[in-house]
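Please consult the sequence and the coordinates alongside the points below.

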Amino acid sequence: MTVEWALSGFGDEIDDDPRVQAAVMRALGASHIEVRGAWGTNIIELSEEQLAELKRVFDEAGLKASAIASPIGKVDVGLPVEHEVERLDRALRAAEVLGAPYIRIFSFYYEGKAPEEVRDAVVERMTALARRAEGTGVTLVHENEKDIFGDIPERVLDIVESVDSPALKLAWDPANFVQVGVKPFSEAYERLRPHVVYLQVKDALFETRQVVPAGEGDGEVLRTVEALRDSGYEGFASLEPHLAYAYETGGFSGPYSFGVAARAFAKVLEEAGVGVA
């Protein structure tokens with residue numbers, strides 16, 4: 001029997017208009033969409049009326065939300081614990097309206113300090129976020145990203161093991177590991193796999209740190225997909241191409257480049273013998 005994963009993607013990488021987002025995702029064969037923004041507004045800033053309209057758009061297109069791609073944790077660790085917990089409440093509301101099982105979060109900036117200086121503060125904040133999510137039916141997934149505490153495998157593992165909550169798991173982003181000098185599969189997969197529940201799809205080159213379509217960089221995407229397949233992974237694969245440009249809270253590709261990214265990943269899946277549900 002063929003292993004099948006649910007294909008998703010960051011809609012705002014396609015267009016600000018959620019109807020365009022939905023149309024492109026459906027054309028690419030996706031059953032889900034990851035929601036970071038619509039109408040030029042971040043997901044946690046959308047009004048109740050906008051969330052309801054977004055739900056109508058996705059329902060009409062036959063799409064479900066795989067995750068809320070929130071900016072939670074993309075702030076300085078020096079801010080009070082309550083700052084991000086309060087913002088998480090808005091992300092949880094968006095997840096409730098859209099029926100998303102996951103919310104993506106980050107583990108804080110700490111400019112001008114050594115990682116060990118902020119470690120306890122990071123764990124305190126991540127624990128508070130996880131405790132808030134417990135019992136909601138939504139799982140927080142930490143994304144490894146450059147410039148935050150949880151950028152390299154050792155610190156990612158430290159976070160998830162120290163918080164030790166069923167409401168905090170990991171999203172896997174191979175390009176982000178490459179951009180901090182880590183070989184994703186060779187140096188991180190074995191340690192982090194027990195906590196990985198979500199796959200973000202983008203690749204990058206070690207030499208330039210440039211993001212490229214999946215399978216065309218140094219992110220060991222095929223090896224990771226094959227290992228996830230063999231381990232029984234049954235989750236989402238969410239396209240986040242960043243092929244036009246990236247910025248602090250996200251990135252953009254446009255419909256054409258998003259299609260390029262989707263077709264590149266489809267080749268990886270075909271080679272690995274993984275289908276799309």
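In this predicted model, the largest cavity is lined by P174, L199, Q200, V201, K202, V221, T224, V225 and F265. The space inside the largest cavity amounts to about 50 Å³. Salt bridges form the second topic, and the structure holds 25 of them.

**Cavities**

- A search of the whole structure returns four cavities of 30 Å³ or more.
- Two elements, β9 (196–201) and α8 (221–231), each give two or more residues to the lining of the largest cavity.
- By residue class, the lining of the largest cavity comprises six nonpolar residues, two polar residues and one charged residue.
- K202 belongs to the lining of the largest cavity, and K202 is also a member of a network of salt bridges.

**Salt-bridge network**

- The network of salt bridges links D12, E13, R36, R104, E143, D173, K202 and E240.
- Within this group, the side chains of E13 and R36 meet in a salt bridge, with an N to O distance of 3.4 Å.
- The E13 and R36 pair links distant parts of the chain, the two residues being 23 residues apart.
- E13 lies in the loop between β1 (3–9) and α1 (18–27), whereas R36 lies in the loop between β2 (32–35) and β3 (37–38).
- Both E13 and R36 are buried, that is, each has under 20% relative accessible area.

**A salt bridge between two helices**

- The side chains of R19 and E53 meet in a salt bridge at 3.2 Å, N to O.
- This pair also links distant parts of the chain, with R19 in helix α1 and E53 in helix α2 (residues 48–61), 34 residues apart.
- R19 has a relative accessible area of 42% and is therefore partly exposed.

**The salt bridge of R229 and D230**

- R229 forms a salt bridge with D230, and their closest N and O atoms are 2.8 Å apart.
- R229 has a relative accessible area of 24%, so R229 counts as partly exposed.
- D230 counts as exposed because its relative accessibility is 58%, and the exposed class begins over 50%.

Definitions and conventions
Residues numbered from 1 in each chain as written. Predicted model: local features only at pLDDT ≥ 70, side-chain atom pairs only at ≥ 80, totals over all residues. Heavy atoms only, no water. Salt bridge = Lys/Arg side-chain N within 4 Å of Asp/Glu carboxyl O. Helix = DSSP H or I, 4+ residues; strand = E, 2+ residues; numbered from the N terminus. Buried < 20%, exposed > 50% of the residue type's maximum accessible area, 1.4 Å probe, protein only. 1 Å grid on protein atoms, 1.4 Å probe; cavity = no way out; pocket = protein on both sides within 12 Å on 5 of 7 lines; lining within 4 Å. Points joined across faces, edges and corners; volume = space filled by probe spheres on them. Nonpolar A, V, L, I, M, F, W, Y, C, P; charged D, E, K, R; others polar.
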